[in-house]
Amino acid sequence: MNQPKKNNLRPASQAEILRAHQRDNDFISQMSESLTDLLHRYNLQRFFCYFKSEIPAKLLYFIVTSGLGNQTLGEEYTGIVQANLNNRTIPSLMTRILAAILECFGDQMLLKLLDKLQYKINKSDNELTPRAKFFLNIVLNRTRTIIPILILVHRGLFYLYGRYYSIGRRFARIDYVKVYGPRPHSSVSWGLRILGCVTIAQCLFHFWQSKNSIDDIVIHEKELDGTISTNCQLCLEKIPNATTPCGHLFCWTCLSEWVRARNRCPLCRESVTSSRIIPLMNM
């Protein structure tokens, strides 16, 4: 990887970083298709069934580029390199590995951790009271729905400030600096900043729609008093007007947002796609 001069570090713009990642993602998609064909040919696809479709290709691409200290194709195309702007240094190998792991597995690890916590909470042999189980299930379900919103908020911040393309790179403190090539037109950056404002406004609207903790406590108390709740089991506010093929009821907004983030039923973890959500009439 090219070593930029410390006294001449120019942060890369949002447009350059986006263009570099777009070029990298295009190449990773081609690698993924070739790798999938190869695995099917030798009947080895079962060894990668627990990965997302492009994760093996992403890891292989990382090894031959950033892992070996080289620029990616996108970085070479746009004339940018990875750097720590605070320390004005090139990120170490361990830092680049950390960013790659978080980008490939970060959301999966977090969701699996939430699944394990919910499984332990709902086990019949634990010592938790029904009140505690109910409250903890609310917290875990809300956390799952908030994760994709937080990812979208982070993307909006990137559009505004041009730093830390992904949450994994923010944890690893990896930025980009411009080392050669022409700069994009300034109007492009302003357009992305406007997009960032719109993105964050959309996220705030989603937060406003979600139920606050006071309402959770009220619904929880009604549940303990024997009142049957017919509200959506995710937002605990709206009347259910959609169902999964496995028969669990939710409001359309919560269920569609959930399925976009993760193709599973929020309750029983049965596989569900957006096209299989069933709208309910006369509810």
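1. Tyr165 is buried, at 12% relative accessible area. The model is predicted, so read this and every value below as computed from it. Phe158 is also buried, with a relative accessible area of 0%.

2. Phe158 and Tyr165 form an aromatic pair. Their ring centres are 5.3 Å apart, and the planes make an angle of 85 degrees. That geometry is edge-to-face.

3. The whole structure holds 3 aromatic pairs. Phe27 and Tyr61 make up one of them. This pair is tilted, with 5.6 Å centre to centre and 45 degrees between the planes. Phe27 belongs to helix H1 and Tyr61 to helix H2, so the contact ties together parts that are 34 residues apart in sequence.

4. Tyr61 has 5% and counts as buried. The cut-off for buried is under 20%.

5. Arg23 sits over the ring of Tyr77, 4.1 Å from its centre. Arg193 sits over the ring of Trp190, at 5.0 Å from the centre.

6. Strand E2 covers residues 80-83. Ile80 and Gln82 point one way, while Val81 and Ala83 point the other way. Which of these four are buried? All are.

7. E2 pairs with strand E3, residues 175-178. The pairing is antiparallel and runs over 4 bridges. Val81 has Val177 of E3 as its bridge partner.

8. The largest pocket contains about 1,200 Å³ of space. Its lining counts 40 residues. Closest to the pocket centre are Lys58, Leu102, Glu103, Cys104 and Ser166.

9. Which elements give two or more residues to the lining of the largest pocket? They are helices H1 (14-41), H2 (55-64), H4 (93-121), H5 (130-161) and H6 (167-172). H4 gives the most, with 9 residues.

10. By residue class, the lining of the largest pocket divides into 18 nonpolar, 12 polar and 10 charged residues. Lys58 and Glu103 are among the residues closest to the centre.

Conventions. Residues numbered from 1 in each chain as written. Predicted model: local features only at pLDDT ≥ 70, side-chain atom pairs only at ≥ 80, totals over all residues. Heavy atoms only, no water. Buried < 20%, exposed > 50% of the residue type's maximum accessible area, 1.4 Å probe, protein only. Pairing = 2+ DSSP bridges. 1 Å grid on protein atoms, 1.4 Å probe; cavity = no way out; pocket = protein on both sides within 12 Å on 5 of 7 lines; lining within 4 Å. Points joined across faces, edges and corners; volume = space filled by probe spheres on them. Nonpolar A, V, L, I, M, F, W, Y, C, P; charged D, E, K, R; others polar. Phe/Tyr/Trp six-rings, centres within 6.5 Å; stacked < 30°, edge-to-face > 60°. Lys NZ or Arg CZ within 6 Å of the ring centre and 35° of its normal.
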